[in-house]
Amino acid sequence: MANVVILLVLLMVMAVIPFIGQVGGQLLLPVFVGIVAYVILKERMGPAALFGMALAVAGALLVVLRASPSEFRGTILGDALTAAGILAFSFYIVLGRRLVSRMGSFRAVTFAFFFAMPFMLPVLGFGLARQDWHLVTWKGIAALAYMLVFANIVAYILHIFALTRLTAG
């Protein structure tokens, strides 16, 4: 029975993907995580997880159905990239649980950030070179530092720590 429900949810998600947009896509993250956990880790999903998936799909549909038709024109590439990003993040969440159980959340996040550096440093360098620095105030730098520490590093450590305590179901 759970297999049939998961298949139906997956088909509904696939039907919504061309209209996802950023907000609808983020609403579908629990669905993607649940499906990836089921496929890769063979985690069983209980009634609460299936209800949560249905609620996420309903929320995404509510966002999509309330949008005007003009919002869907020319967005297929962005929608596909959003769906690919959500799928990749779902794999990160599901597979990250194994890594964290071996390494601990702090070491796992440090490893992830260190691994991302070769990819992000060129982007950072490009952005820093193009920045008009006379427009940047100390308040802007303080806000950036705050976001770096709390919205990224601390949030990732807590997120990964929580993943070790949760299952998809």
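A residue counts as buried under 20% relative accessible area, as exposed over 50%, and as partly exposed in between. The model treated in these exercises is predicted.

**Exercise 1. Classify Phe89, Tyr156 and Lys42 as buried, partly exposed or exposed.**

Solution. 
Step 1. Phe89 is found in helix α5. Its relative accessible area is 28%, so Phe89 is partly exposed.
Step 2. Tyr156 lies in helix α7. With a relative accessible area of 29%, Tyr156 is partly exposed.
Step 3. Lys42 sits in the loop between α3 and α4. Lys42 has 61% relative accessibility and therefore counts as exposed.
Step 4. For the protein chain as a whole, buried residues make up 27% of the 169 residues.

**Exercise 2. Describe the secondary structure of the protein chain, then check the span of α3.**

Solution. 
Step 1. The protein chain contains 7 helices and 0 strands. Along the sequence this gives the pattern α-α-α-α-α-α-α.
Step 2. Helix α3 has 13 residues.
Step 3. Just after α3 comes Lys42, with a positive phi of about 60°. Lys42 has this positive phi although it is not a glycine.

**Exercise 3. Find the largest nonpolar core and state which element gives the most to it.**

Solution. 
Step 1. As a general point, nonpolar side chains in soluble globular proteins tend to be buried together.
Step 2. The largest nonpolar core here has 19 residues. Those with the most contacts inside this core are Leu28, Val31, Val33, Met45, Met53 and Val94.
Step 3. Two or more residues of this core come from each of α3 (29-41), α4 (47-66) and α5 (76-103). The most come from α3, which gives 8 residues.
Step 4. A second, separate core has 5 residues, including Ala108, Val109, Ile157 and Ile160.
Step 5. Within α3, the buried residues are Leu29, Val31, Phe32, Val33, Gly34, Ile35, Val36, Ala37 and Tyr38.

**Exercise 4. Characterise the largest pocket by its volume, its lining and the elements that supply it.**

Solution. 
Step 1. The largest pocket holds about 670 Å³ of space.
Step 2. Its lining has 21 residues, and those closest to the centre are Phe113, Met120, Leu124, Leu148 and Asn152.
Step 3. The elements that give two or more residues to this lining are α6 (105-130) and α7 (138-163). The largest share, 10 residues, is from α6.
Step 4. By type, the lining residues of the largest pocket are 17 nonpolar, 4 polar and no charged.

**Exercise 5. Decide whether the rings of Tyr146 and Phe150 are stacked, tilted or edge-to-face.**

Solution. 
Step 1. There are 3 aromatic pairs in the model. In the pair Tyr146 and Phe150, the ring centres are 4.9 Å apart, and the cut-off for pairing is 6.5 Å.
Step 2. Planes under 30 degrees apart count as stacked and those over 60 as edge-to-face, while the rest are tilted. The planes of Tyr146 and Phe150 are at 40°, so this pair is tilted.
Step 3. An α-helix has 3.6 residues a turn, so residues three or four places apart point the same way. Tyr146 and Phe150 are 4 residues apart in helix α7, and therefore about one helical turn separates them.
Step 4. Phe150 has 45% relative accessibility, so Phe150 counts as partly exposed.

Definitions and conventions:
Residues are numbered from 1 along each chain as its sequence is written. This is a predicted model: local features need pLDDT of at least 70, side-chain atom pairs count only at pLDDT 80 or more; totals for chains, interfaces and linings use all residues. Side-chain values use heavy atoms; hydrogens and water are left out. On a 1 Å grid over the protein atoms alone, a cavity is a set of points where a 1.4 Å probe fits but cannot get out, and a pocket is an open set with protein on both sides within 12 Å along at least five of seven lines; lining residues have an atom within 4 Å of a point. Grid points are joined across faces, edges and corners, and a volume is the space filled by probe spheres set on the points. Ala, Val, Leu, Ile, Met, Phe, Trp, Tyr, Cys and Pro count as nonpolar, Asp, Glu, Lys and Arg as charged, and the others, Gly among them, as polar. Rings of Phe, Tyr and Trp (its six-membered ring) pair if their centres lie within 6.5 Å; planes under 30 degrees apart count as stacked, over 60 as edge-to-face and the rest as tilted. Buried means under 20% relative accessible area, exposed over 50%, partly exposed in between (1.4 Å probe, protein chains only). A nonpolar core is a set of buried Ala, Val, Leu, Ile, Met, Phe, Trp, Tyr and Cys residues joined through side-chain atoms within 4.5 Å. The expected span of a helix is 1.5 Å times one less than its number of residues.
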